[in-house]
Every structure is written in C-alpha cells, then in structure tokens.
Amino acid sequence: MATALHNLSDYDFSKVPDASNMCFGIVVAEWNPEITGALLEGAVSTLEKHGALPENIHVKTVPGSFELIYGAHQMSLNDGYDAIIVLGCVIRGETPHFDYICQGVTQGIARLNATGNIPVIYGLLTTNDLQQAKDRAGGRLGNKGDECAVDAIKMAKF
C-alpha cells in the first residue's frame, strides 16, 4: 500500500509481541540529521512502548546512508541482537547519485537478510524532496521509525 494511503505509525498494538526480553541494534545515518533523528526517536520510543529496555537498544551512527550496510553487517556479527534496524534518508537531487545510493542500500540490506541469521529492517526513506521526508519522519504520514520498530519486534519472533 502506498504511504500516501497509510499512516506509518498506525498498527494493531495487540499484534505486536512483547519485546522485554529482546535486544535491538539500530544503525542511523548522520546525513539529513533532522529526518534521521526523528526516525530514531520514533523507533526507540516504539521499542520501549512494547517492553524493550533502554539498555537493550544499542544505537550506532554512520556518516551516510550507503554506510548503513556496513554498520548493519558489523552489528549482525554480534550474537546478542534479535533484530537490527537501519535508518536513513536519501532525498533526490540533480544527479543520478540518488539512484545509485538507493539501489545499493536496498540490495545490500536484501543481501544481509538473505544470508544472515538476524533480521535487518529497512528504514531508508527515499523521497523526492525534504517535505516528503518530513511527512514520513513524524509528520502527516506518521513515522517510518515506528513502523521499523514494530517490524523488528515481529521479525525477531519469526
């Protein structure tokens, strides 16, 4: 379903498992910090709302969205995580850089999921402009960070 037709923060609370015995890694890109910071806030607050203890939520930063792959891979080597969430934001510009970064991150995270033992949740916003990113990072369309946290809990129980 297109995000324009669905609020990213809407979900059935009763269908989310208890996360009190789970440990989560979050890798967040420093690029577009206004957006990625809001995504991180959403993810952490949602994990805690479902029982995750603050000391079981480990956050690492990477310079940009392409580095999310490496960060998630390094976290996956730690046996203590039940799921890893990657959070980033790429906003279309005037060059094809947007396409290369979005495709590379998508393929890299898909590869980690296909070959690894820990679910890696895809939280990369790929928008045409800053307003679209704001709308998906706590704005009128909810917060993709909330959605990623719920997905991480559910996939950790898979």
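**View 1. Here α2 (68-76) and α3 each supply at least two residues of the lining of the second largest pocket.** Welcome to this predicted model, where local features need pLDDT of at least 70, side-chain atom pairs count only at pLDDT 80 or more, and totals for chains, interfaces and linings use all residues. Residues are numbered from 1 along each chain as its sequence is written, and side-chain values use heavy atoms, leaving out hydrogens and water. Helices (H or I, at least four residues) and strands (E, at least two) are DSSP runs, numbered from the N terminus. A pocket is an open set of points on a 1 Å grid over the protein atoms alone, where a 1.4 Å probe fits, with protein on both sides within 12 Å along at least five of seven lines; lining residues have an atom within 4 Å of a point. The lining includes H73, S76, L112 and V120, and it divides into 4 nonpolar, 5 polar and no charged residues. Ala, Val, Leu, Ile, Met, Phe, Trp, Tyr, Cys and Pro count as nonpolar, Asp, Glu, Lys and Arg as charged, and the others, Gly among them, as polar.

**View 2. The largest pocket holds about 240 Å³ of space.** Of its 15 lining residues, W31, C89, V90, H97 and I101 are the closest to its centre. At least two lining residues come from each of β3 (83-91) and α3 (97-115). By type, the lining has 7 nonpolar, 6 polar and 2 charged residues.

Notes: Grid points are joined across faces, edges and corners, and a volume is the space filled by probe spheres set on the points.
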